[in-house]
Amino acid sequence: MPDSSRLTGIVAAVSGVILVAGAVHCGEPDRTIAASLGVGLLQFEFEEFDSQDRRLVKESGWLPGLEGRCEVTGQRATFGINFRYYSGDVDYDGQTSAGVPIDSTTDADIVDLSLEAAYRLPLGLPPRVSLYAGGGYRHWDRNIQSVGAISGLDETYRWWRAEAGVKLQLARGANAWELEAGLTRTLNPQVEIDFGATFDAVTLDLGERWGWRTAAGWSHRVAPQLTAGVDVFYASWDLGQSGVETLTSNGVSAGSVFQPRSESRNYGAVLSLQRHW
């Protein structure tokens, strides 16, 4: 993915314009309000790599979750708030810092909040074409379980996110279809590592990276103000390697620590009900 200050500036500028347009047009008198709640299933896959791109760790597994959304729609603009929560155990295939293989499990808890504004372009085409932009915050608790004499780790990841993309929407009678493709950028990612009683906790700054997301959805109006839908999605995000920091035990230097770069490729599906007012 591109990684330049110029592209970051362009995405930020476009996002600002769409957010302002969304705020203005959602103040129109003929606006509608909708809220949805759904159950989801996420195929989580996370990998860490060393500086020679050799894989150090792989975590994978299915996580059940909940997703919610509230939105306000005007003639051309939509402003929405999204909430996602996924939790469960995934398989851990990794190694210690000394290279000893480990087969364990990881408790994963992912909370994601985001704001989004979309502006429908006046193109007059059968599919409605909308540009969207927004931002979000992700909090991920990654608790690697102990195996025998090898102690586990409690890691907490958190970062902000900027995003922008395009949506295509087509409605026919009681049915509607939507396609989405977007670009994302992690902002100020950090990881806090708790070593338990072995070492003092440490917080590391990670590298910002580009990612992307695609989604497709179908919905059916089951009542005048109630819609049922199903969405499938695929999301990719990466985190850059941290710098090397001093590792301490009771405040006394005990070595050094860093977090390797990582990649995550997730896909899943959501079944939801939406109420309109």
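This is a predicted model: local features need pLDDT of at least 70, side-chain atom pairs count only at pLDDT 80 or more; totals for chains, interfaces and linings use all residues.
Which strand does Phe-46 lie in? Phe-46 lies in strand E1.

Phe-46 has a relative accessible area of 0%, so it is buried. Set aside its neighbours within four places in sequence, and Phe-46 is in contact with residues including Val-57, Lys-58, Glu-59 and Arg-142. Ser-262, Glu-263 and Ser-264 are also among its contacts. Next, look along the chain. Phe-46 and Asp-238 are 192 residues apart in sequence, yet 9.4 Å separates their C-alpha atoms.

Now turn to the aromatic rings. Phe-46 belongs to one aromatic cluster with Phe-44, Trp-140, Tyr-157, Trp-159 and Trp-237. The structure as a whole holds 12 aromatic pairs. One of them joins Phe-44 and Trp-140. Their ring centres are 5.6 Å apart, and the angle between the planes is 65°. The pair is edge-to-face, because planes over 60 degrees apart count that way. Phe-44 lies in strand E1, residues 32–49, and Trp-140 in strand E5, residues 128–144. The pair therefore ties together parts that are 96 residues apart in sequence.

Are these two partners buried or exposed? Phe-44 is buried, with a relative accessible area of 0%. Trp-140 is at 1% relative accessibility, so it counts as buried too.

Trp-62 lies in strand E2, residues 55–73, while Tyr-267 lies in strand E13, residues 261–276. This pair therefore ties together parts that are 205 residues apart in sequence. Trp-62 is partly exposed, at 46% relative accessibility. Tyr-267 is partly exposed as well, with a relative accessible area of 40%.

Go back to Trp-140. Leaving out residues up to four places away in sequence, Trp-140 touches Phe-44, Phe-46, Tyr-157, Trp-159 and Trp-237, among others. Ala-108, Asp-109, Ile-110, Glu-155 and Thr-156 are also among the residues that Trp-140 touches. Trp-140 has a place in the largest nonpolar core, which has 24 residues. Phe-44, Leu-63, Trp-140 and Tyr-157 have the most contacts inside this core. Several strands give two or more residues to the core. Among them are E1, E3 (77–95), E4 (101–120) and E6 (153–172). E7 (175–194), E8 (202–205) and E10 (226–239) are also on that list.

Glu-116 touches residues including Arg-69, Thr-78, Phe-79, Gly-80 and Asn-82. Tyr-132 and Lys-167 are also among the residues it touches. Those two meet in their own way: the charged end of Lys-167 sits over the ring of Tyr-132, 5.3 Å from the ring centre. Gly-135 is 19 residues from Glu-116 in sequence and 6.7 Å away in space, C-alpha to C-alpha.

Terms used: Residues are numbered from 1 along each chain as its sequence is written. Side-chain values use heavy atoms; hydrogens and water are left out. Rings of Phe, Tyr and Trp (its six-membered ring) pair if their centres lie within 6.5 Å; planes under 30 degrees apart count as stacked, over 60 as edge-to-face and the rest as tilted. Helices (H or I, at least four residues) and strands (E, at least two) are DSSP runs, numbered from the N terminus. Buried means under 20% relative accessible area, exposed over 50%, partly exposed in between (1.4 Å probe, protein chains only). A charge sits over a ring if NZ of Lys or CZ of Arg is within 6 Å of the ring centre and within 35 degrees of the ring normal. A nonpolar core is a set of buried Ala, Val, Leu, Ile, Met, Phe, Trp, Tyr and Cys residues joined through side-chain atoms within 4.5 Å. Contact means heavy atoms within 4.5 Å.
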